[in-house]
Amino acid sequence: MKHIVCASCGATNRVEQARLLEAPVCGKCGEEIMAAKPMPISEAAFAKFVAKTEVPVLVEFWAAWCGPCRMMAPQFEQAAKLLPEVRLIKVDSDAAPQLSQQLAIRSIPSLVLFKDGREIARQAGVMPAAELATWVRSQLGR
């Protein structure tokens, strides 16, 4: 059984490991909790989401004014389809300045991979979706 926090409403859901790839939905709001797309998350919801989600979480820190971030957006979207076992979320660094400072985000786009609530890897800059998926899997030992 895995706990997964819904990026939409913040509810913690229990999902059997075997059902993770079967499009489970949140018991509170009905949103898909392992959707094959990145989900935006607020600064306020971030800590609970990362700490209580028992599947790997890949976070993209970005900003609307950032040209490389706009180039990275479709790659991150495609990577979500390539990594169904990983939860991808997006944090707008302008809307989350304290979180960006706390995690020492110095350039954007920045990708931070969490497992069991702990940061295990970090990468800055734009990368193709396939390369991103390979990087994540290598960090997770897969």
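Is Cys 9 buried, partly exposed or exposed, going by its relative accessibility?

Mentor: The model is predicted, and what follows should be read as a description of that model. Cys 9 has a relative accessibility of 30%, so it counts as partly exposed. Cys 9 is in no disulfide. The nearest cysteine sulfur to that of Cys 9 belongs to Cys 26, and it is 3.6 Å away.

A search of the whole structure finds zero disulfides. Cys 6 is likewise in no disulfide, with the sulfur of Cys 29 as the nearest cysteine sulfur, 3.6 Å away. Cys 6 counts as buried, because its relative accessibility is 3%.

Next, helix α1. This helix covers residues 43-52, and Phe 46, Phe 49 and Val 50 in it are buried. Seen down the axis of α1, the buried residues fall within an arc of 90 degrees, so they line one face of the helix. The face of α1 turned away from the buried side carries Ala 44, Ala 47 and Ala 51, which are exposed. The cover over the buried residues of α1 includes β1 (2-5), β4 (57-62), β5 (87-92), α3 (97-102) and β6 (110-115).

Thr 53 lies in the loop between α1 and β4. With a relative accessible area of 2%, Thr 53 is buried. Its side chain reaches the backbone nitrogen of Val 5 at 3.2 Å. Leaving aside neighbours within four places in sequence, Thr 53 is in contact with His 3, Ile 4, Val 5 and Lys 48.

Now the sheet. It is an open sheet of five strands in the order β3-β5-β4-β6-β7, with mixed pairing. β3 and β7 stand at the edges, each with a single partner strand, so one side of each is left without a neighbour in the sheet.

Take β5 as the example of an enclosed strand. Five of the six residues of β5 are buried, so the strand is largely enclosed by the rest of the structure. Strand β3 (residues 39-40) pairs with β5 in the parallel sense over two bridges, and Met 39 stands opposite Ile 89 in β5. β4 also pairs with β5 in the parallel sense, over six bridges. There, Ile 89 in β5 is the bridge partner of Val 59.

Lys 115 stands opposite Arg 118 in β7, and Val 112 stands opposite Arg 122 in β7.

At 33% relative accessibility, Arg 122 counts as partly exposed. Not counting residues up to four places away in sequence, Arg 122 touches Leu 103, Ala 104, Ile 105, Leu 111, Val 112 and Trp 135. Two backbone oxygens come into the account as well. That of Leu 103 lies 2.7 Å from a polar atom of the Arg 122 side chain, and that of Ala 104 lies 3.2 Å from a polar atom of the Arg 122 side chain. Arg 122 and Glu 60 are 62 residues apart in sequence, while their C-alpha atoms are 10.0 Å apart in space.

Trp 135, touched by Arg 122, leads on to helix α4 (residues 129-139), where Ala 129, Leu 132, Ala 133, Trp 135 and Val 136 are buried. Seen down the axis of α4, these buried residues fall within an arc of 160 degrees, so they line one face of the helix. On the other side of α4, Ala 130 and Thr 134 are exposed. What covers the buried residues of α4 includes β4, α2, β6 and β7 (118-124). Just after α4, Gly 141 takes a positive phi of about 75 degrees.

Technical notes: Residues numbered from 1 in each chain as written. Predicted model: local features only at pLDDT ≥ 70, side-chain atom pairs only at ≥ 80, totals over all residues. Heavy atoms only, no water. Buried < 20%, exposed > 50% of the residue type's maximum accessible area, 1.4 Å probe, protein only. Helix = DSSP H or I, 4+ residues; strand = E, 2+ residues; numbered from the N terminus. Arc of directions from axis to C-beta. Contact = heavy atoms within 4.5 Å. Disulfide = S-S within 2.5 Å. Pairing = 2+ DSSP bridges. Polar contact = N/O pair within 3.5 Å; in protein donor to acceptor, adjacent residues only side chain to side chain.
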